[in-house]
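Please open the model in your viewer and keep the selection panel at hand.

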Amino acid sequence: MLNIRHSSDTLFSAAPINSDVVAVIVTFNSDLNLLTQSLESLVKQCVVFVIDNSTDIIFRDEIEGLCINYDVNFLALGANFGIGHAQNIGINWARKKSFTEILFMDDDSTPSNTLVADLLRARKLSPVQPAVVGARTISAGGEDLSNAKTADTNLILVPCNELTSSGALISMDIFNRVGVFDSRLFIDCVDFEWGWRAKSLGVPLFLSASVSIQHRLGVCTRFGLRLPTPIRHYYQYRNILRMMLFSKSPVSWRLIQLIKLPLKLVLIILIADRKFQRICYSMWGIRDFIAGRVGEFNH
């Protein structure tokens, strides 16, 4: 049984504007300043449920303290079970509590004070219902990191092939049709795989041209190349290869990955830091894809 600390409905006298919407935030050794900004905005817009994957007990306690201060629902998993597993807990909890909408947010994404209302309004413009509508992702430096871009300034909803879960509003009706996230992937491609599955069942994916969230990239940059932490190469190689064979991914995406995956290895060798560590994780990812292993890295 999950030991969820439920909000008490006493610290904040005003109910959130959208009481049928719950924001699910998955935390992992989070930056408390960014998380504070997110909670400060979201508690005024909807119900909030924070699910913590932290591996550091100090971070875990600080995140729980922050959730107590903002009187939001909180669950500490006690270890890192992956983003898909944590998000699925949020989905199942929301279903039991009869919420009709879920807004997913990363712990390093910052919403506007009208994000929920803006997404609900934008979704009504979709010619096909039900639909998934997400916010554009903007870096702290102002770069548009979104999966779909358009030169048509009159386009309000931009169709996209891949879902980015942070900033995405998804109805419970859609989860009932499509199913939940594939937790076996652990991290990387979790939202992409679900989005392709949704599209294959007739659910359109859109980005709202006028709605955005700010996102801090958890990567370093060398010579213009974004580099994640070394262990992410394991999940990227394993899961991308898996998506190329066992998902509803578009043929165009698969062809692009055939070029990008070997090219990335070359770039790691040429310009990345911690070259040996990154290559080892990449090779482990390839090996575990061949062996059919999923879940958390365990070498």
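Begin by selecting L255, which lies in helix 8 (residues 251–271); helices (H or I, at least four residues) and strands (E, at least two) are DSSP runs, numbered from the N terminus. This is a predicted model, in which local features need pLDDT of at least 70, side-chain atom pairs count only at pLDDT 80 or more, and totals for chains, interfaces and linings use all residues. Residues are numbered from 1 along each chain as its sequence is written, and side-chain values use heavy atoms, with hydrogens and water left out.

Next, select D288 in helix 9 (residues 275–291). Is this residue D288 buried or exposed? D288 is buried, its relative accessible area being 0%; buried means under 20%, exposed over 50%, and partly exposed in between (1.4 Å probe, protein chains only). Leaving aside neighbours within four places in sequence, D288 is in contact (heavy atoms within 4.5 Å) with Y234, R238, R293 and H299.

Now move to R123, in helix 4 (residues 115–123). R123 also counts as buried, at 12% relative accessibility. Not counting residues up to four places away in sequence, R123 touches E101, Q129, A131, V133, L169 and S171.

Select helix 6 (residues 190–200), where 9 of the 11 residues are buried. Among them are F192, W194 and W196. After helix 6 comes G202, whose phi is positive, near 90 degrees.

The structure holds 1 cavity of 30 Å³ or more, and the largest cavity has a volume of about 100 Å³. A cavity is a set of points on a 1 Å grid over the protein atoms alone where a 1.4 Å probe fits but cannot get out; lining residues have an atom within 4 Å of a point. Of the 14 lining residues, select A135, E162, L163, T164 and L207, the closest to the centre of the largest cavity. Strand 6 (132–139) and strand 9 (205–215) each give two or more residues to this lining, and strand 6 supplies the largest share, 4 residues.

Technical notes
On a 1 Å grid over the protein atoms alone, a cavity is a set of points where a 1.4 Å probe fits but cannot get out, and a pocket is an open set with protein on both sides within 12 Å along at least five of seven lines; lining residues have an atom within 4 Å of a point. Grid points are joined across faces, edges and corners, and a volume is the space filled by probe spheres set on the points.
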